[in-house]
Amino acid sequence: MPKIKKALVTGITGQDGSYLAEFLVKKGYEVYGLMRRSSSFNTDRIDHLYQDPHEKNLRLKLVYGDLNDASSLNHIVKTVKPDEIYNLGAQSHVKVSFSIPEYTGEVGALGTTRLLEAIRDSGIKTKFYQASSSEMYGNASEFPQNENTPFRPRSPYAAAKVYAYWMTANYREAYNIFACNGVLFNHESPRRGETFVTRKITMALARIRHKVQTKLYLGNLDAKRDWGFAGDYVEAMWLMLQHHEADDYVVATGETYSVRQFLEEAFGYVGLNWKKYVEIDKKYFRPTEVDCLMGDSSKAKKLLNWKPKVNFPQLVRMMVDADMNVVRKILHGTKGKR
Ligand code: NAP
Ligand code: GDD
């Protein structure tokens, strides 16, 4: 019998954690999800995996821990001895990071160091994936951005990610740990947190269409992002750890669209004019903005044979359809036709 591989995933309750857990369970992994204590249930994105009544040998196990608690990380790494570790946990909201810069650094920057130290201290042979971000390019000096583009972070979130990026690279070089940075550009899905702009738009659109909301308040509509589908991107994370050599990779679609174009695509899909519903509220602007991101993932394509499957219109429509169903279910308790 081949040995069952074990993976530890931090950030298991988040968007990417849920898609990655699904992906790894399908590949036959035993997945250990690190979750922090919450005063209310926060496992809705993974309940379908965790509570499957037909799955006798549950392949997803949740363990309590926190990236701010080194002893929990040490204990989990030593007892589970994972073959692969995916560090997805973070305070991941850029705007919020301006309000809680210290905490954002504690989790995103020092939390990564704590996990790397837990690996080093345990002496186990494992592979490490760090959720690095296109936000690190900030005020980017070139388009599109690739693995050699300099980082010019524009937020506490991005600065924390730059620190974690270099610690990951440093532990690879200093201690020969198989550690990779995935520099992922924005990726979205029906499971995206509702305060990120894409999901905020599709959720509001569904409510507007069902006449339970009249206005949508947004910030900077000119910002441009390279938006892909989260389900495609978790495969790239896994592929990085299967490659014979640890390295850093950009993961992106190579196309960029403004928030305004996202609105046009989403509202246009259901036959509405977004201009009738959207108002600008200054509170959603950031002290410093990242104006435009566009990634060049040709290295991932060449070395990992990875490319995105879902394009921009398909992503927008997938999210609109899903939120139409969410709202319909809340209002009528059913899943009818759009
Ligand atoms: P997300 O939905 O916000 O999920 C973040 C996860 O981190 C949640 O499970 C959260 O737990 C957990 N977390 C927060 N603080 C923690 C702590 N102190 N200890 C342990 N876990 C903690 O983010 P995502 O979109 O899935 O992104 C996953 C990772 O990729 C993040 O590191 C993000 O910064 C990075 N990233 C995301 C994108 C993107 O476009 N989505 C692009 C590049 C990089 P709770 O549920 O308890 O809050
Ligand atoms: N959240 C939000 N809310 N953003 C808005 C709004 C609004 O009401 N109005 C305009 N925007 C603009 C923001 O100013 C930003 O330029 C853009 O929409 C995208 O914002 P977010 O969806 O919050 O994502 P992000 O690009 O700041 O950060 C996400 O992607 C990064 C990768 O580049 C997060 O997932 C990060 O964790 C991730 O690293």
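**Exercise 1.** Which residue has a backbone N or O atom 2.9 Å from a nitrogen atom of ligand 2? Find it, then describe the surroundings of this ligand.

*Solution.* A word before we start: the model you are looking at is predicted.

- Step 1. The residue is Thr 195, whose backbone N or O atom sits 2.9 Å from a nitrogen atom of ligand 2.
- Step 2. Now look for oxygen atoms of the ligand. A backbone N or O atom of Val 197 is 2.8 Å from an oxygen atom of ligand 2, and a polar side-chain atom of Ser 133 lies 2.5 Å from an oxygen atom of ligand 2. With a cut-off of 3.5 Å for N or O pairs, the distance of 2.5 Å for Ser 133 qualifies as a polar contact.
- Step 3. Turn to the area. Ligand 2 taken alone exposes 720 Å², and the protein buries 96% of this.
- Step 4. Widen the view to the shell. It holds 23 residues, and those that come nearest are Ser 133, Ser 134, Tyr 157, Arg 286 and Glu 289. Sorted by class, the shell around ligand 2 contains 9 nonpolar, 8 polar and 6 charged residues.

**Exercise 2.** Which residues place a polar backbone atom beside an oxygen atom of ligand 1, and which elements contribute two or more residues to its shell?

- Step 1. A polar backbone atom of Asp 16 is 2.8 Å from an oxygen atom of ligand 1. For His 187, the corresponding distance is 2.9 Å. Leu 88 also has a backbone N or O atom 2.9 Å from an oxygen atom of this ligand.
- Step 2. Of the 900 Å² that ligand 1 exposes when taken alone, the protein buries 89%.
- Step 3. Two or more shell residues come from each of α1 (15-26), α5 (101-122), β5 (127-133) and α6 (156-175). The largest share belongs to β5, with 3 residues.
- Step 4. In total, 27 residues surround ligand 1, with Thr 13, Asp 16, Asp 66, Ser 92 and Tyr 157 the closest. They divide into 11 nonpolar, 11 polar and 5 charged.

Note on methods. Residues numbered from 1 in each chain as written. Chains lettered and ligands numbered in written order. Predicted model: local features only at pLDDT ≥ 70, side-chain atom pairs only at ≥ 80, totals over all residues. Heavy atoms only, no water. Near = heavy atom within 4 Å. Polar contact = N/O pair within 3.5 Å; in protein donor to acceptor, adjacent residues only side chain to side chain. Areas by Shrake-Rupley, 256 points an atom, 1.4 Å probe, with all protein chains shown as cover. Helix = DSSP H or I, 4+ residues; strand = E, 2+ residues; numbered from the N terminus. Nonpolar A, V, L, I, M, F, W, Y, C, P; charged D, E, K, R; others polar.
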